[in-house]
Amino acid sequence: MKFLNPTIIDFTVTDESGTYDHWKYSVQYSENLSHWPHLSNHAIAHFQVRTNDEKDVYFIHSNHRTCLFMGLYCLDSESEFKFFQPKQFSGATCEETVFYQCPMFLSYFCKREVAFQRNAIMSNLKKKLAKVY
């Protein structure tokens, strides 16, 4: 994850369970904000990686509780990342849905931060997979 998301400073896996078809894990991580790097935040996230019954679609669902200002102000976010291979071409298609909390007066800042992280993760994922395949 540190390779995929350049804002992450450190992370620790705190819990893990499940099977190949439904794997669960939790992490604690800290990160710097891309557009305000002097402010770090700390988060706890819970992930579920699962497949559908036909095993042709994979999902990564996550819930994050991100706290700023030494834990005095916390926000929640939720994400689902869907991977599948369309029948009309080779490769994979990824779809991501993200919901996040943000105070109204910081909405522009929050939107820029989320967009930066999503774009960086997808770009770095493409680079990593290009080396593998």
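How many helices and strands does the protein have? The protein has 1 helix and 6 strands. Keep in mind during the tour that this is a predicted model.

**The whole chain**

Show the C-alpha trace next: along its principal axes it spans about 45 × 30 × 30 Å.

Of the 133 residues in the protein, 29% are buried.

Colour the charged side chains next. There are 14 positive and 14 negative side chains, and the centres of these two sets lie 8 Å apart.

**The nonpolar core**

Select I8, Y25, V27, Y29, A43, A45, F47 and V49. These 8 residues form the largest nonpolar core. In soluble globular proteins, nonpolar side chains tend to be buried together. Colour β2 (22-33) and β3 (36-51) as well: each of them supplies at least two residues of this core. Which strand gives the largest share? That share is 4 residues, and it comes from β3.

Stay in the core and select A45. Leaving aside residues up to four places away in sequence, A45 touches Y25, S26, V27, Y29, N63 and H64. Y25, V27 and Y29 are also members of the core.

**The helix and Q117**

Move to helix α1, which covers residues 107-132, and select Q117 within it. Is Q117 buried or exposed? Its relative accessible area is 11%, so Q117 is buried. Show its neighbours: with residues up to four places away in sequence not counted, Q117 touches N5, T7 and E31.

Then draw a distance from Q117 to I8. The two residues are 109 residues apart along the chain, while their C-alpha atoms are separated by 9.9 Å. For the protein as a whole, take the contacts between residues at least 6 apart in sequence: 33% of them join residues at least 24 apart.

**The cysteines**

How many disulfides does a search of the whole structure find? The search finds 2 disulfides. With bonded cysteines counted along the chain, the pattern is 1-2, 3-4.

Zoom in on C67 and C74. A disulfide joins them, with an S to S distance of 2.0 Å. The link is right-handed, with 110 degrees about the S-S bond. C67 has a relative accessible area of 17%, under the 20% cut-off, and therefore counts as buried. C74, with a relative accessible area of 22%, is partly exposed.

Go on to C102 and C110, which form a disulfide with their sulfur atoms 2.0 Å apart. Why is this disulfide right-handed? The torsion about the S-S bond of C102 and C110 is about 80 degrees, so the disulfide is right-handed. C102 counts as partly exposed, at 25% relative accessibility, whereas C110 is buried, with a relative accessible area of 11%.

Finish at C94. This cysteine has a relative accessible area of 29%, which means that C94 is partly exposed.

Conventions
Residues numbered from 1 in each chain as written. Predicted model: local features only at pLDDT ≥ 70, side-chain atom pairs only at ≥ 80, totals over all residues. Heavy atoms only, no water. Disulfide = S-S within 2.5 Å. Buried < 20%, exposed > 50% of the residue type's maximum accessible area, 1.4 Å probe, protein only. Contact = heavy atoms within 4.5 Å. Lys, Arg positive; Asp, Glu negative; His and termini not counted. Charge placed at Lys NZ, Arg CZ, Asp CG, Glu CD. Core = buried A, V, L, I, M, F, W, Y, C linked by side-chain atoms within 4.5 Å.
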